[in-house]
Amino acid sequence: MLITPGNLLATIDSPDHLRHLDRTVLPQVCNELRQFIIDNVSVYGGHFGASLGVVELTVALHYVFNTPDDQLIWDVGHQAYGHKILTGRRDQFHTNRFYGGLSGFPKRKESPYDAFGVGHSSTSISAALGMAVSSQLQQQLQRHHIAVIGDGAMTAGLAFEGMNHAGATNSNLLIILNDNCMSIDPNVGALKEYLTDITTSPTYNKVKDEVWNLLGKMSGFGKSAQEIVSKIESGLKASLLKQSNLFESLHLRYFGPIDGHDIDHLVSVLNDLKDIPGPKLLHCLTVKGKGYGPAEKDQTKWHAPGLFDKVTGEIKKKVYDKPQPPKYQDVFGHTLVELAEKNDKIVGVTPAMPSGSSMNIMMKAMPQRAFDVGIAEQHAVTFSAGMATQGQVVFCNIYSTFMQRAYDQVIHDVCIQELPVVFCLDRAGFAGADGPTHHGAYDLAFMRCVPNMIVASPMNEQELRNLMFTAQSDTVQQGKCAFTIRYPRGEGVMPNWRTPLEAVEVGKGRLIRDGEGVAILTIGPIGNYAIQACEALEKEGLRPAHYDLRFAKPLDEAMLHTIFRRFDKVLTVEDGCLVGGVGSAVLEFMADHGYQARVKRLGIPDTIIEHGEQLELHRECGFDPEGIAQAVRELAYAERTVALA
Ligand SMILES: Cc1ncc(C[n+]2csc(CCOP(=O)(O)OP(=O)(O)O)c2C)c(N)n1
């Protein structure tokens, strides 16, 4: 094959092609792969720094291991762009994260090389271990199982649960710890300090060098590698390495730290590790954003920067001629500080999403009172519960989708114990391009069935502020109920959002627009679509009434009685799953009180909705403005009463 600069990547349609290349050209493959990622993400968007940081690892792993038979699992999966490009998806890569296009994360349905579907963090060790144990049961003893996990993802309990189990097995598992000292924001916690210590400690490194000198002799030894390793281990038994290494203590053989950007060394080491049996961990040091200056400098900003000029490094922002509404997350962040200035009991908690949730506004203004606890949603909730027992007013902000991780803690540690923790669920509803792993589809259903829980969703910025103000009030805090406020990703509707704070009556909805024939009941910002639908319908002579439920729990029963007495055609609209959601709550109310009405529910159907722009997904599910208008038309022209059998 003719190899000229700049055309190697174009010849790689599968890892098999890569494996046929001479090892000396791998640096060139890495350069081209890195450039391909920069070219694409700058124009089409997506996650950025994480994939640049694992370019060499990606090439080395596919070069050394026999994927897809060997199982390669990427934790979170936001760093797997290089993997996608090398595994037959290069020519579709421009569709990454677009409606109908490639998923932004590994996905089993998409490719046999995507051994495990991801999006949420810290699953890779457990999944790879499950595969490794199955391979043993099925006598597939040559198969390798590799979990690539970041130092951020390693902070989660689930990662430790996996290691705890793995260390007690003799499974063929290789954990690659991709240590770049970053989560989305700088990584936090004692583990981070520990990893820095073992990377920089001179005593530790002396011992490590001895190990590597021995390991250096291993290449080409084949089966005797096992013998060498046991020699190393017995030699070091009493040494610092054995005594103090966290991973060794869990019975995982620890190797490293090594430079995760030295492709040649990586290939040698991975080849050597292939011959070492049992569960093992390779500690690789990498730089997030490697090879793209601006991304190396400001790693948080370049985690997922949006579109940018790849030459100047300028991030492209839309320019508007008038003030735009803020993001809901920023309204949350600023309002929290405003409230905390007046109420010194208020504290903030985020599991690893200071920038994503705008908790960083409080972390900057009041560093003692705002806590980033790492990627640890379960801990975030129980930690909040603990603080609530001591009278703190806790605003625990978790993306709706990540709250799924902490459901037991919500029930067991908060609601059963009647603790008034305030949960702010960001990214509720469709997350957009991140897709099904990130959609906040279920929170209305899973929160509203828990006793001692209030569930609300604001229709706009002012409502969000007022709900936050209400949640921290003495009346609510003494009521011993947790208080969930869910709001979506992105901008609201009010450019002038710094409205005076006013308490909202818990469980009270509001009439947005009076009308006749059909009543539309909405919850949350999706109500703004209903406003648009009503305006369009008016031109056709239809005048449905529109109510904002505001609370999924407790429901405004007085308002619902009024509605069901006046209307026998009701449309419910929610940006959440239909099964068990707010529409279901309205049906339960109707049945419990003996009302009869023709009810149509719009929301997320009982199926997995893929990725795309939020509006595209709303349209797909039929609750964009036109979908709502169409549902009203259908109801308006349907038979007035429901036929009884
Ligand atoms: C359960 C869960 N919580 C939060 C997130 C959001 N998230 C995505 S990537 C990321 C940082 C991961 O850091 P690390 O594992 O070190 O990978 P890096 O980006 O540094 O390569 C976080 C917090 C997630 N995906 N899953």
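Mentor: Happy to. A polar backbone atom of Met182 lies 2.8 Å from an oxygen atom of the ligand. I call that a polar contact, meaning a pair of N or O atoms within 3.5 Å; within protein, one must be able to donate a hydrogen and the other to accept it, and residues adjacent in sequence count only if both atoms are side-chain atoms. Lys288 brings a polar side-chain atom to 2.6 Å from an oxygen atom of the ligand. On the side chain of Glu377, an N or O atom is 2.7 Å from a nitrogen atom of the ligand. The protein buries 97% of the 580 Å² that the ligand exposes when taken alone; accessible areas come from the Shrake-Rupley method with a 1.4 Å probe, and for residues only the protein chains shown count as cover.

A word on the model before we move on. It is predicted, so to speak of local features we need pLDDT of at least 70, and side-chain atom pairs count only at pLDDT 80 or more, while totals for chains, interfaces and linings use all residues. Residues are numbered from 1 along each chain as its sequence is written, and side-chain values use heavy atoms, with hydrogens and water left out.

Now the salt bridges. A search of the whole structure finds 29 of them, each a side-chain nitrogen of Lys or Arg within 4 Å of a carboxyl oxygen of Asp or Glu. In one, Asp114 meets Arg89 at 2.7 Å, N to O. Arg89 belongs to helix H5 (81-89) and Asp114 to the loop between H5 and helix H6 (124-137), so this pair ties together parts that are 25 residues apart in sequence. Helices (H or I, at least four residues) and strands (E, at least two) are DSSP runs, numbered from the N terminus. Asp114 and Arg89 are both buried; buried means under 20% relative accessible area, exposed over 50%, and partly exposed in between, with a 1.4 Å probe and protein chains only. The two also belong to a network of salt bridges that links Lys84, Arg89, Glu110 and Asp114.

The side chains of Lys107 and Glu610 meet in another salt bridge, at 2.6 Å from N to O. Lys107 is in the loop between H5 and H6, and Glu610 is in the loop between strand E19 (598-604) and helix H27 (614-620), so parts 503 residues apart in sequence are tied together. Glu610 is partly exposed, at 24% relative accessibility.

A further salt bridge joins Glu463 and Arg550 at 2.7 Å, N to O. Here helix H22 (residues 461-471), which holds Glu463, is linked to the loop between strand E16 (545-548) and E17, where Arg550 sits 87 residues away. Both partners, Glu463 and Arg550, are buried.

Next, the backbone. Most residues other than glycine have a negative phi, and most peptide bonds are trans. Lys553 and Pro554, however, are joined by a cis peptide bond with omega of about -5°. Lys553 is in strand E17 (residues 551-553), while Pro554 lies in the loop between E17 and helix H25 (557-566). Another cis bond runs from Gly256 to Pro257, with omega near 0°, and Pro257 is part of strand E4 (residues 253-259).

His251, in the loop between helix H12 (246-249) and E4, is exposed at 57% relative accessible area. Ala352, in the loop between strand E8 (346-350) and helix H16 (354-357), is buried at 5%.

Finally, look at helix H13 (residues 263-274). Its twelve residues reach 16 Å from the first C-alpha to the last, close to the expected 16 Å, which is 1.5 Å times one less than the number of residues. Among the buried residues of H13 are Ile263, Leu266, Val267 and Leu270.
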